[in-house]
Amino acid sequence: MPDSAPLLALREIGHSFGGLSVLRSVTFDVPEGGIVGLIGPNGSGKTTLFNIISGYIHPLAGTIAYRGRSLARESIQKRGLTGLVRTFQTPQVFEKMTVLENIMVGCAKLTRTTMLQDLLRTPAARGQMREIYRRAEAACERFQLGGLRDLPAASLTAGQRRILEIARAVVGEPKLLLLDEPSSGLNAQEIDNLREWIVRLNEQGITVLLVSHDMGLMTVARTVHTLYFGEIIASGDMAAIQRDPKVREVYLGV
Amino acid sequence: MASLNLQRNLLWIAVALAVWAALPFLVPRNIADLLVFTGIYTIAGLGIGLLLGHCGIVNLAQATFYGLGAYASAYCTVMMGWPSITGFLVGAVISMALAYVIGRPILRLTGYFLALGTLALSAIASALFFEWDWLTGGTLGIGGIPKLDLLGFVLDRPSRYYFFVWIVAFACMWAAHNLVDSRSGLMLRAMRDSSTAAAALSVDLQSLRTRVFVVCALFGSLAGSLFAHHVSFVSTQSFTVDRSITFLLIPVIGGATSIPGIVVGALFITFLPELLSKLGDVHQILFGLALVAVVVLMPDGLMGAWDRFRARLVARGGSDA
C-alpha cells in the first residue's frame, strides 16, 4: 500500500509535561487496512501519543493528518464521528448501565435526533431508538455478550469489560480503532480471544493501531514501532523488532 | 402472568386517577390551594431533577426562570393587555434563550463551581427583578393578573385551576419520561457514568448539558406563568435565592432520578411546612430537622428509600416461598 495515502499520518509529534519532554519527533504512518503496533516500556509515552491522536491532549509540536486532513482543530467528538475511535487502558464502561445499553451508546452517533423530538417521542425519535437497539442487539450476539446483555456493566470481569469496550467501539463503525493496552488484566485464554478479535475486525476492514507491552499480542501487527523515552528507536515487523539490538538492550533488558 | 400484571397496573392507574379527580372536591379550599402549588412545584422540580439526576448538575437558578415566566405573564396580561397565552410564550422564549446564552459558558464548570455559578445567576436575577421596577413593579409587584380562561371557562377557584395545572404537570412528566428514555437520555446516563468514555463515543457533553439546562428553564418558566395566574400578584419576594434552594430540595428529597419522586418532593415542600406551622414557632426548626433527616437517612430521596423497601419485601417474600 505504499502508493496510497496513509489513513493516519503522524509527523514530528512532540509533547512535554511541565518541562519534562515525553514525546520527541514521533513520525509514522498507519496505512489503511493495516494493523500497526506501538510498544515500549512504562512511561515511554504510548498513552500520551494515544491521547494526542484521539484529541484528549493537543500536541505542542507536529501534525496529525487523518485521511489526508489535519486533526489540529477537531474535537474528541468530531474525531469519533469521522471514524476514529479509541478504547482505554483501564476499560471505561458505563457501570450503572447494562451491557446492551453500553453498546447502544456506541451506536448513538450513527443517528440524529433533536431534544424536542426526544421530549415529544415523535415517530422519528422512536425509529432512531429502535435502530440503535437493533444494532446493539446484533453486536451483543456477535461479541458473545448475549447472555450478559441485561446485567449492569459494573458486574463484569476485566476480560468481559474489555470485550464490551471493543464491541461498543466497533458498533459505531470505526475506520481506525485505537486499542490502548487491550490485554492488560486478561488471562492467557482471554488474550488469545482478543487476538482473534483483532484479526477478525481487521479482516472486516477496520484499521487498527494497537498499544501494548505484551509481545505475544503484538504478533498480530504487521508493523511495530518501538517507543523509548518519547522517541521511536526501531520500526519493522515483530520478528525484526525482537532481533533489533537497540530494542533488546532498552526494552527486553538483554 | 403478564396480563394479570397489566390488569393490576391498569387498576392502580384507574384508582389513582379517580382519587386525583375527586380530591379537590373532597378537601377544604386551602388544601386544594396547596395541591395546586404541588403541581406548579412539580413542573419546576422536574427540570432540576433532570439536571441533578441525569447530568449531575446542581441548579440553584430555577427561581430565575420561574420569575421570568411569572413576570412575562404579569407584564403581557396586565401591562400590555394581551391574551394569557402570550405571557406563557414570551416567558418560555426568554427563559430558554437566557439558559442557552448563560448555560454555554457556565456549564463548562463542574461540581461546586457550577453550583456556585447558578447561585450567582439566581442572586443577580433576584437583584434585577428588584431594580428594574419599570418592568417588574419592584417590591410593589404587579397585581391584577387575570385568572386563566379556557374557551370561556374561567379557572377562578383552586378546585378548577387544580385540573389545569395538573394536566400541564402530567404533560411535563410525560415529556421528561420520554427524554430519559430517548437517545438523549441514553447519552446523558453515559455521560454521568464516565464523561471521558462518552466523549470518545462522540457524545457532545457540552451541547447535551446545555440543552437539558434549556429544558429545565422551560419547565421553570412554565411553572412561573402558572404561579402568576394562580396568585394574581407577583413581586420580587417570590423569586429570591431562597426559592431556588427550595426548588432544588424537590428532587433532593423526592429522588432526582425518579419522576414520581419529583411529585413526592413537591408534596413534601408544600405540605410539611403547612402541617408543622400548627405547632407554632418551632415549625421552621422542625422542617429543617425533617430535611436533614431525609438527606442523611435517604441519600437517594424518599422514592429511592421506597424502592429499597419494596425490594427488601420482595426478597423476603421470595425466600419465604
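1. Strands here are DSSP runs of E with at least two residues, helices are runs of H or I with at least four, and both are numbered from the N terminus. This is a predicted model, where local features need pLDDT of at least 70 and side-chain atom pairs count only at pLDDT 80 or more, while totals for chains, interfaces and linings use all residues. Residues are numbered from 1 along each chain as its sequence is written, with chains lettered from A and ligands numbered from 1 in the order in which they are written.

2. Strand 1 (residues 8-17) and strand 2 of chain A run antiparallel, joined by seven bridges; two strands pair if DSSP finds at least two bridges between them. Their hairpin has two residues between the strands, and Gly18(A) takes a positive phi near 55° there.

3. Strand 1 of chain A also pairs with strand 4 of chain A, antiparallel, over five bridges. Here Gly14(A) stands opposite Ala61(A).

4. Strand 4 (residues 61-66) of chain A in turn meets strand 5 of chain A over two antiparallel bridges, with Ala65(A) opposite Ser70(A).

5. Put together, chain A has an open, antiparallel sheet of four strands in the order 2-1-4-5. Strand 2 (20-30) and strand 5 (69-70) of chain A each have a single partner strand, so one side of each lacks a neighbour in the sheet.

6. The contact between the chains takes 32 residues from chain A and 22 from chain B, counting residues whose C-beta atoms, placed from the backbone, lie within 7 Å. On the chain B side, helix 8 of chain B gives the largest share, seven residues.

Definitions and conventions: Contact = placed C-beta atoms within 7 Å.
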